[in-house]
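Please look over the structure shown here and keep it open while you read. The report moves from the whole chain to single residues.

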Amino acid sequence: MPVIRALSTVAKQALQGFGCECQPFTIAVRSISFSPRQVTSDASFHSVSFSETAHPKVLITGKFLGQTFSLDVVSCRKQFGNNNVILSDIRKPPSHVFHSGPFIYSDILDYKNLREIVVNNRITWLIHYSALLSAVGEANVSLARSVNITGLHNILDIAAEHGLRLFVPSTIGAFGPTSPRNPTPDLCVQRPRTIYGVSKVHAELMGEYYHHRYGLDFRCLRYPGIISADSQPGGGTTDYAVQIFHDAIKTGKFECNLKPDTRLPMMYIDDCLRATLEVMEAPAESLSMRTYNINAMSFTPEELATEVQKHMPDVQVTYKVDHVRQAIADSWPQNFDDSNARKDWGWKHDYDLPELVQTMLNFIGSDSRVARVN
Ligand code: AKB
């Protein structure tokens, strides 16, 4: 016990230095007897050592490298130092990702491999993006179940065992046809009809359970559809809102797979990134909840097309409904109530529809980007 007490004191002092509350300190002590997997006193020793770093040491898991890269890595690395942000995946990264800073092979389904990475790199923050999105998840339920649910279990256990601050994104897809849709508050009925949505409700509940049970510093934002110029759509229902820009610039035509009046909440990637870093850095006492809705705007395909046509009047937009995607979209929120995020940790978006469209067209229109995404 005296050793544990001494380690705890060191951890507490250093954690206060880097802006943490004593929550992770509780984890280090509790993990000895209550951790969900067989955690030895050795593991608890490792969890203390992270406090020696001035910046968090961040591990980002993610299958959709293009998206993750633009989403977090660049800004994270600017903020925390190049070597303090490690990107990981099971796939070979494109060369611009590989040469931009540390990249490591990591399979979230391999617990030992994950643990080795966390220990060897003295990780303190884990940002967990690996997941199959809504439409692709419906096409491969068993893969979605293992990546989104089994993978999450490994991540939760590793984070609890090593006293990490853990971010897991959730989504508007965590709601379903029986949820209020306009607006959708943080707390309401959640009965999604997709494996993606079910896995995200599971993630929210498990993260909050680990927070209460083991003191895990779990933080979660429910993202709207995220629009990014730096990546191709990744198998989601909101993909049309990215694809329209690529097709408008490349071919002058766009065939939309949702009905023209399908309203969904959306956000530009820079806002999403900022929200993620802001909630990760928010003092624990400002968080009245561990899972927050965040939002920026809400629009339909028709409204987006009209805004694009203000810049490119010749673009032709037609509609050919994909029934799987349409059914998913019809069960999701139309407007997202993010007032708790605004109140608790000062969330404020920068991009509304006109700025979003202008930025996407500039970005995709610029030569180098088009060359890379194509
Ligand atoms: C999807 O469409 O599946 C995602 C989401 C809204 O979570 N973009």
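## Overall picture

This is a predicted model. The protein has 16 helices and 13 strands. It contains 374 residues, and 46% of them count as buried.

Start with strand β1, residues 58-61. Val58 and Ile60 lie on one side, and Leu59 and Thr61 on the other. All four residues are buried, so both faces of β1 are covered.

The pairing with β2 (residues 85-89) is parallel. The pairing with β4 (residues 125-128) is parallel too. Strand β2 also pairs in the parallel sense with β3, residues 103-105. The table lists the bridges for each pair, with one pair of facing residues.

| Strand pair | Bridges | Residues standing opposite |
|---|---|---|
| β1 and β2 | 4 bridges | Leu59 and Ile86 |
| β1 and β4 | 4 bridges | Val58 and Trp125 |
| β2 and β3 | 3 bridges | Leu87 and Phe103 |

How much of β2 is buried? The count is 5 of the 5 residues, so the strand is largely enclosed by the rest of the structure. Val85, Leu87 and Asp89 point one way from β2. Ile86 and Ser88 point the other way.

## The nonpolar core

In soluble globular proteins, nonpolar side chains tend to be buried together. Here the largest nonpolar core has 84 residues. Which members touch the most others? They are Leu126, Ala159, Leu166, Ile227 and Ile244. Helix α8 gives the most to this core, with 7 residues.

Take Leu126 as an example. Beyond its neighbours within four places in sequence, Leu126 is in contact with Leu59, Ile155, Ala159, Leu164 and Leu166.

## Helix α12

Helix α12 spans residues 301-311. Its buried residues include Pro301, Leu304, Ala305 and Val308. These four cover an arc of only 100 degrees around the axis, which puts them on the same side of α12. An α-helix has 3.6 residues a turn, so residues three or four places apart point the same way.

What covers the buried residues of α12? The cover includes the helices α10 (240-251) and α15 (353-365). It also includes the strands β9 (253-256), β12 (297-299) and β13 (316-319).

Asn148 sits in helix α8, residues 141-161. Is Asn148 buried or exposed? It has 22 C-beta neighbours inside 10 Å, and therefore counts as buried. Leaving out residues up to four places away in sequence, Asn148 touches Ala131, Leu132, Tyr196 and Ser199. Lys200 is 52 residues from Asn148 in sequence, yet their C-alpha atoms are 7.7 Å apart in space.

Ala275 lies in helix α11, residues 269-281. Ala275 counts as buried because it has 23 C-beta neighbours inside 10 Å. Leaving out residues up to four places away in sequence, Ala275 touches Leu221, Ile294 and Trp347. Ala275 and His349 are 74 residues apart in sequence and 8.3 Å apart in space, C-alpha to C-alpha.

## Two backbone details

Most residues other than glycine have a negative phi, and most peptide bonds are trans. Two places in this model depart from that pattern.

What kind of peptide bond joins Asn182 and Pro183? The bond is cis, with omega at about 0 degrees. Pro183 is in the loop between β6 (170-171) and α9 (195-214).

Arg122 has a positive phi, near 50 degrees, and is not a glycine. Arg122 lies in the loop between α6 (111-120) and β4. With 15 C-beta neighbours inside 10 Å, Arg122 counts as partly exposed.

## Around the ligand

Which residues surround the ligand? They are Leu133, Ser134, Thr171, Ile172, Gly173, Tyr196, Tyr223, Gly225, Gly236, Thr237 and Thr238. By class, this shell has 4 nonpolar and 7 polar residues, and no charged ones.

Notes:
Residues are numbered from 1 along each chain as its sequence is written. This is a predicted model: local features need pLDDT of at least 70, side-chain atom pairs count only at pLDDT 80 or more; totals for chains, interfaces and linings use all residues. A residue is near a molecule or strand if its C-beta atom, placed from the backbone, lies within 6 Å of it. Ala, Val, Leu, Ile, Met, Phe, Trp, Tyr, Cys and Pro count as nonpolar, Asp, Glu, Lys and Arg as charged, and the others, Gly among them, as polar. Helices (H or I, at least four residues) and strands (E, at least two) are DSSP runs, numbered from the N terminus. A residue is buried if 20 or more other C-beta atoms lie within 10 Å of its own, exposed if 12 or fewer, and partly exposed in between; C-beta atoms are placed from the backbone. Two strands pair if DSSP finds at least two bridges between them. Two residues are in contact if their C-beta atoms, placed from the backbone, lie within 7 Å. The arc is that of the directions from the helix axis to the C-beta atoms. A nonpolar core is a set of buried Ala, Val, Leu, Ile, Met, Phe, Trp, Tyr and Cys residues joined through C-beta atoms within 7 Å.
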